[in-house]
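Subject: Structure handover

Hello,

Here is the structure I said I would pass on. My notes on it come after the structure itself.

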Amino acid sequence: MAAEQMADEGERPPARPLDAIDRDILRILQKDGRASIRSVADRVHVSRANAYARINRLIEDGVIRGFSARVNHERAGQGSSAYITLKIVQNSWRTVRKQLTELPGTAHIALVSGDFDVLLLVHSADNRALRELVLTKIQSIPEVLSTRTLLVFEETDLDPAKPSGGAMGPPPG
């Protein structure tokens with residue numbers, strides 16, 4: 001898996017360590033990806049040139065993978081959501097991942113350990129469309145051995161700017 005991961009990251013060198021200002025910039029941009037350079041610079045108490053350079057470095061290092069909008073899927077016509085677990089043929093991850101990324105409504109794909117191999121989050125118009133997605137598209141992928149669908153009844157987006165003590169939290173000590 002490590003070799004596959006490196007190939008997927010384009011043989012990029014390891015990211016430089018983040019300091020407190022970098023972590024603050026990330027929190028600001030996670031909460032508001034449309035924040036201006038001036039606003040970010042003012043909030044972290046650095047010059048605009050410094051904020052611009054830091055954000056570009058975070059992008060170049062692959063720390064920031066992009067900017068996006070958080071969507072209320074129900075209001076966007078995708079009233080049905082589900083996590084789908086998949087068992088797949090050994091060593092078929094790349095092939096399966098490529099096919100899953102092309103499915104409509106795919107929001108997240110993860111290779112995981114445990115009782116199944118892949119965890120997939122999808123959004124669809126309704127349960128009929130979800131059923132069609134699982135039974136005719138996912139289960140028709142030759143490398144997929146089995147699936148289990150877990151319907152999402154309710155979701156809560158967490159505030160990405162709130163320190164959690166995890167990877168983005170303050171360093172221990």
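What follows goes from the overall fold to the cores, the helices and a few loop residues.

Please keep in mind that this is a predicted model.

Overall fold

The chain contains six helices and four strands. In sequence order the elements run α-α-α-α-β-α-β-β-α-β. The chain has 173 residues, and 28% of them count as buried.

In soluble globular proteins, nonpolar side chains tend to be buried together. Here the largest nonpolar core has 17 residues, and those touching the most other members are Ile-84, Leu-86, Leu-100 and Ile-138. Two or more residues of this core come from each of β1, α5, β3 (118-124) and α6 (127-138). There is also a second, separate core; it has 13 residues, among them Ile-28, Ala-35, Val-44 and Val-46.

What does Leu-100 touch, not counting residues up to four places away in sequence? The list is Leu-86, Thr-106, Ile-109, Val-118, Leu-120, Ile-138 and Ile-141.

An α-helix has 3.6 residues a turn, so residues three or four places apart point the same way. Both of the helices below can be read with that in mind.

In α5, the buried residues are Trp-93, Val-96 and Leu-100. Around the axis they cover an arc of only 70°, so they are on the same side of α5.

In α6, the buried residues are Leu-130, Leu-133, Val-134 and Ile-138. Their arc, seen down the axis of α6, is 85°, and they therefore line one face of the helix. Arg-128 and Arg-131 are exposed on the other side of α6. The buried residues of α6 are covered by elements including β1, α5, β3 and β4 (144-152).

Packing of α2 against α3

Two packed helices are described by the angle between their axes and the distance between the axes. For α2 (residues 20-31) and α3, the angle is about 135° and the axes are 10 Å apart. An angle of over 145 degrees would count as roughly antiparallel, and 65 to 115 as roughly perpendicular, so α2 and α3 are oblique to each other. Their crossing is right-handed. On the α2 side, the contact is made by Ile-21, Asp-24, Ile-25, Ile-28 and Leu-29, and on the α3 side by Val-40, Arg-43 and Val-44. Ile-28 and Val-44 are also among the residues of the second core.

Is Gln-78 buried, partly exposed or exposed? Its relative accessibility is 24%, so Gln-78 counts as partly exposed. Gly-79, with a relative accessible area of 51%, is exposed; the cut-off for exposed is over 50%.

Gln-78 lies 46 residues from Ser-124 in sequence, but their C-alpha atoms are 4.7 Å apart. Gly-79 and His-123 are 44 residues apart in sequence, with a C-alpha to C-alpha distance of 7.4 Å.

Leaving aside neighbours within four places in sequence, Gln-78 is in contact with His-73, Gly-105, His-123, Ser-124 and Ala-125. On the same terms, Gly-79 is in contact with His-73, Glu-74, Ser-124 and Ala-125.

Asn-91 is placed in the loop between β1 (80-88) and α5 (93-101). At 77% relative accessibility, Asn-91 counts as exposed.

Regards

Key. Residues are numbered from 1 along each chain as its sequence is written. This is a predicted model: local features need pLDDT of at least 70, side-chain atom pairs count only at pLDDT 80 or more; totals for chains, interfaces and linings use all residues. Side-chain values use heavy atoms; hydrogens and water are left out. Buried means under 20% relative accessible area, exposed over 50%, partly exposed in between (1.4 Å probe, protein chains only). A nonpolar core is a set of buried Ala, Val, Leu, Ile, Met, Phe, Trp, Tyr and Cys residues joined through side-chain atoms within 4.5 Å. Contact means heavy atoms within 4.5 Å. The arc is that of the directions from the helix axis to the C-beta atoms. Axes are lines fitted to C-alpha atoms, for helices over the stretch in contact, and angles run from 0 to 180 degrees between N-to-C directions. Angles under 35 degrees count as roughly parallel, over 145 as roughly antiparallel, 65 to 115 as roughly perpendicular and the rest as oblique. A crossing is left-handed if the near helix is turned anticlockwise from the far one by less than a right angle, and right-handed if clockwise.
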